[in-house]
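Please read this report with the structure open beside you, and look up each element as it is named.

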2 protein chains.
Amino acid sequence: MQYAGGIDVGGTHTKIGLVERNGRILSQTRIQPDARGSFDGLAKAIAEALQRLHAEAGGNLSSIGIGNPGFTDRRTGMTVGGAPNVPCLHGNSLSGYLGSRFGVLARADNDGTCAAAAELAWGAGRGYPNFLLITLGTGIGGGLALEGRVVRGARGFAGEVGHFCVQQGGYGCVCGGRGCLEQYASASAILRLYQDRRRQRCLPLDPSLSAEGVLAAAAGGDGLAMAAASEAARAIAQVFGSVTNLLNLEACIIGGGLSQAGDLLLRLVREAIPDYVWPLFAENLRVLSAELRNDAGLLGAAALAWEALPA
Amino acid sequence: MQYAGGIDVGGTHTKIGLVERNGRILSQTRIQPDARGSFDGLAKAIAEALQRLHAEAGGNLSSIGIGNPGFTDRRTGMTVGGAPNVPCLHGNSLSGYLGSRFGVLARADNDGTCAAAAELAWGAGRGYPNFLLITLGTGIGGGLALEGRVVRGARGFAGEVGHFCVQQGGYGCVCGGRGCLEQYASASAILRLYQDRRRQRCLPLDPSLSAEGVLAAAAGGDGLAMAAASEAARAIAQVFGSVTNLLNLEACIIGGGLSQAGDLLLRLVREAIPDYVWPLFAENLRVLSAELRNDAGLLGAAALAWEALPA
């Protein structure tokens with residue numbers, strides 16, 4: 001039996017699993033190494049967990065894929081920025097460490113790119129070789145495929161769709177820019193769009209409210225919540241539409257935690273997209289929900305591992 | 001001697017040339033078939049002109065490339081829309097006709113995609129396998145390369161960067177959308193941005209003024225002209241920056257007629273781009289002028305012909 005190792009590195013915990021080429025997860029585990037400790041500590045804890053799963057399964061480890069937060073240099077596998085919650089990754093290469101320890105091909109990439117690889121192989125991207133995936137969570141990430149291949153760009157940083165400018169001079173963003181998609185359609189952005197509207201009308205604010213709660217309120221008929229959801233959807237549609245015009249995409253896929261909060265957002269994006277797409281390009285354009293949910297991170301890492309091996 | 005045939009189809013005239021693999025134009029001619037007449041008339045006139053050049057040169061015709069206005073379906077070579085100035089192309093395939101008449105591989109593509117192929121092979125894109133080209137003329141076109149390959153997308157329509165939305169609810173556009181780049185940075189847009197500002201101050205309008213004239217006035221110290229040029233440059237920078245974040249580009253290239261009107265626009269775009277790019281992505285990003293000028297259309301078509309043949 002052959003399987004790839006998938007490693008989904010996060011700030012609070014790291015998931016490790018063995019995944020067959022068809023996307024079936026054979027086994028998985030979760031560890032909580034000290035992400036703020038040393039790189040050696042993190043790397044050894046991951047390697048030991050992977051070794052245990054591998055010994056239990058008793059098959060062939062084909063390759064290893066690692067989904068990292070932040071920016072991973074495609075040539076070195078080194079994290080070169082953008083991973084504040086796992087600072088020990090910075091300047092180090094988990095793929096270099098695990099590849100030599102297990103004697104197999106190991107690759108690392110940004111988690112958005114991994115998610116796109118997984119949707120392409122096993123999810124909503126099957127049958128659509130040209131798509132953009134936007135993952136909506138606390139922040140916004142993403143990845144894209146063209147002609148059936150995941151796009152990485154010059155240094156491997158492609159997919160930073162959260163920092164696509166949708167509004168000249170709009171809200172300031174962590175990246176230093178203004179008007180980024182992340183400021184209009186991430187979970188925190190949707191919450192802010194709603195709270196701003198309530199504040200303007202002197203309505204009380206519920207400090208425990210989440211973006212999912214705003215979407216639920218919108219679906220339930222709350223007009224201000226619907227206005228916030230619509231503004232977020234328009235920003236997403238603007239990006240999907242513009243990129244469709246640029247790349248002649250055939251599918252736009254919404255993933256991440258927020259995509260699981262009912263289908264309101266998907267419906268609003270679908271309604272708004274024709275305003276941003278050349279009609280000829282819109283003809284066969286599909287707007288879809290990502291299919292891989294709870295295990296998306298782990299599957300994304302494993303998809304990276306399989307992508308590197310010819311079928 | 002081996003050469004490709006390049007055909008640059010336009011509304012008023014069509015250029016035909018023989019081009020070596022290194023981009024040297026051996027010979028060229030220009031015909032003015034009736035673009036509003038029959039497809040057969042257009043196709044025969046082009047074939048005869050190409051045949052004459054080929055007979056004079058007396059070498060091997062490797063392949064034929066055709067740069068079309070509008071949208072060309074990559075599978076059929078058929079023009080399926082967006083070519084109002086050459087209506088007889090619609091529903092027909094020049095590449096099908098010329099390929100079978102000359103017995104060689106013939107391919108057709110949008111002129112923006114052709115221009116990107118030429119810059120990649122022989123122009124500013126050499127050494128930058130990941131770039132976006134924006135061509136500024138009466139309208140705005142473009143094309144892009146990723147990992148050293150020209151991007152075509154699902155049906156071959158990729159590169160419509162003129163219909164990238166830079167302003168929610170902005171100026172209406174011919175595509176039916178609003179706020180498209182073409183409404184802010186094409187020649188007619190720059191002229192309008194300037195005239196609007198003059199009108200607002202009750203200053204007289206010069207009906208013979210061109211966009212090149214506006215750029216020259218801006219370079220000469222006219223404040224309103226500079227404001228118009230800056231607004232155009234910001235829109236261009238917004239697109240370059242957003243797409244760099246999405247695709248991790250290493251070069252942004254400005255081409256088309258307007259790119260030849262001094263270097264003011266290039267300078268303004270360079271100044272504005274950091275406002276739209278994640279700093280790590282900006283580190284090695286180049287903003288360049290296209291190198292292929294007068295013969296860009298013909299070379300673009302020929303680049304398409306050579307691109308199809310392994311080196």
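In this predicted model, helix α3 of chain A, which covers residues 111-122, lies across β4 and β7 of chain A and runs at about 110° to β7(A). These two strands belong to an open sheet of five strands in chain A, whose order is β3-β2-β1-β4-β7 and whose pairing is mixed. Because β3 (25-31) and β7 (105-110) of chain A stand at the edges with a single partner strand each, one side of each is left without a neighbour in the sheet. From one strand to the next, the twist averages 15°. Strands of a sheet pair through backbone hydrogen bonds, and they can do so either parallel or antiparallel. Strand β4 (residues 60-68) of chain A and β7(A) run parallel and are joined by six bridges, and within this pair A:Ile64 stands opposite A:Ala106 of β7(A).

Where they touch, 12 residues of domain 1 of chain A are in contact with 15 residues of domain 2 of chain A. On the side of domain 1, the elements that give two or more residues are β5 (71-72), β7 and α3 of chain A, and the largest share, six residues, comes from α3(A). The residues on this side of domain 1 of chain A divide into four nonpolar, four polar and four charged.

Elsewhere in chain A, A:Glu147 is found in the loop between β9 (140-146) and β10 (149-150). Is A:Glu147 buried or partly exposed? With 13 other C-beta atoms within 10 Å, A:Glu147 is partly exposed. If its neighbours within four places in sequence are left aside, A:Glu147 is in contact with A:Pro129 and A:Asn130. A:Pro129 is 18 residues away from A:Glu147 along the chain, yet the C-alpha atoms of the two are separated by 5.0 Å.

In chain B, five of the five residues of strand β11 (residues 251-255) are buried, so this strand is largely enclosed by the rest of the structure. Both faces of β11(B) are covered, with B:Ala251, B:Ile253 and B:Gly255 buried on one side and B:Cys252 and B:Ile254 buried on the other. The table sets out the pairings of this strand.

| Strand paired with β11(B) | Bridges | Direction | Residues standing opposite |
|---|---|---|---|
| β8(B), residues 131-136 | five bridges | parallel | B:Leu133 and B:Ile253 |
| β12(B), residues 286-289 | four bridges | parallel | B:Ile253 and B:Leu288 |

Helix α10 (residues 296-307) of chain B has 12 residues and reaches 16 Å from its first C-alpha to its last, close to the 16 Å expected at 1.5 Å a residue. Since 12 of the 12 residues of α10(B) are buried, this helix is largely enclosed by the rest of the structure; among them are B:Trp306 and B:Glu307.

The two chains meet in a contact that takes 40 residues from chain A and 40 residues from chain B. On the side of chain A, the elements that give two or more residues are β6 (79-81), α7 (223-247) and α9 (279-282) of chain A, and α7(A) gives the most, with eight residues. The residues of this side of chain A divide into 20 nonpolar, 15 polar and five charged.

Key:
Residues numbered from 1 in each chain as written. Chains lettered and ligands numbered in written order. Predicted model: local features only at pLDDT ≥ 70, side-chain atom pairs only at ≥ 80, totals over all residues. Expected span 1.5 Å × (residues − 1). Buried ≥ 20, exposed ≤ 12 C-beta atoms within 10 Å, placed from the backbone. Pairing = 2+ DSSP bridges. Axes fitted to C-alpha atoms, helices over the stretch in contact; angles between N-to-C directions. Contact = placed C-beta atoms within 7 Å. Nonpolar A, V, L, I, M, F, W, Y, C, P; charged D, E, K, R; others polar.
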